[in-house]
Amino acid sequence: MTVAATRTVRVVAALIPKPEDGRRFLVQQRLPGGSRALLWEFPGGKVEKGETDEAALARECREELDVELAVGRRLWEGRHTYPDLTVELVLYLARLVSGEPRPLGAHALAFHTPAEMQALPFCEADIPLLNDLVAGRLGSLD
Ligand SMILES: Nc1nc2c([nH]c(=O)n2[C@H]2C[C@H](O)[C@@H](COP(=O)(O)OP(=O)(O)OP(=O)(O)O)O2)c(=O)[nH]1
């Protein structure tokens, strides 16, 4: 039996605290119809060739949310293999510098606490991340 190797992509994601409310963070619901349809995720996307993680995250959030971000420290990194794709997921702390998030590339946007996120249907790659976030294992999020 041969097992086809899936494509591997580096995906950067942002943990963005709600302004004036450090307990809640921005999450987005994926569009219907595509891969991982209607599952929730952190804003971000694939890193392009020659791009830094920080530049990719700022570009994705400009394109998908119409906001400018200040990207801070790396919080978490993990790998997950879906049937179609292997994702190297890297989460960064980020702050909104300007703009109000708009769902330009998502079905919905919401601010939630980590415990509330655990009750949502989230992308599988994020489950260990959410466990660490809820348990306070990502360190200071200020
Ligand atoms: N932005 C983001 N993507 C995530 C997370 N968790 C997770 O599994 N992913 C997956 C979903 C997508 O397959 C991929 C991100 O690719 P993308 O944002 O460019 O979205 P896309 O719809 O073009 O992706 P795809 O069809 O190629 O899978 O990583 C997350 O927390 N944030």
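Okay, before anything else: what you're looking at is a predicted model. Keep that in mind as we go.

Let's start with the core. The largest nonpolar core has 34 residues. If you want the ones with the most contacts inside it, look for Ala14, Leu15, Leu57, Leu91, Tyr92 and Ala94. Where does it all come from? Strands E1 (7–15), E3 (21–29), E6 (68–81) and E7 (85–98), plus helices H1 (53–65) and H3 (127–134), each put in at least two residues. E7 gives the largest share, with 7 residues.

Setting aside its neighbours within four places in sequence, Leu57 is in contact with Val12, Ala14, Gly44, Leu69, Val71, Tyr92 and Ala94.

Which way does E1 run against E7, parallel or antiparallel? Those two pair in the parallel sense, over 9 bridges. As a landmark, find Val9, which stands opposite Val87 in E7. With strand E5, residues 44–46, E1 runs antiparallel, and 3 bridges join them. There, Val11 has Lys46 as its bridge partner.

And those strands turn up again at the ligand. E1, E5 and E7 each supply at least two residues of the shell around it. How many residues are around the ligand in total? There are 16, and Ser35, Glu41, Gly45, Cys123 and Ala125 come nearest. By type, the shell splits into 8 nonpolar, 4 polar and 4 charged.

That's my tour, thanks.

Definitions and conventions
Residues numbered from 1 in each chain as written. Predicted model: local features only at pLDDT ≥ 70, side-chain atom pairs only at ≥ 80, totals over all residues. Core = buried A, V, L, I, M, F, W, Y, C linked by C-beta atoms within 7 Å. Buried ≥ 20, exposed ≤ 12 C-beta atoms within 10 Å, placed from the backbone. Helix = DSSP H or I, 4+ residues; strand = E, 2+ residues; numbered from the N terminus. Contact = placed C-beta atoms within 7 Å. Pairing = 2+ DSSP bridges. Near = placed C-beta within 6 Å. Nonpolar A, V, L, I, M, F, W, Y, C, P; charged D, E, K, R; others polar.
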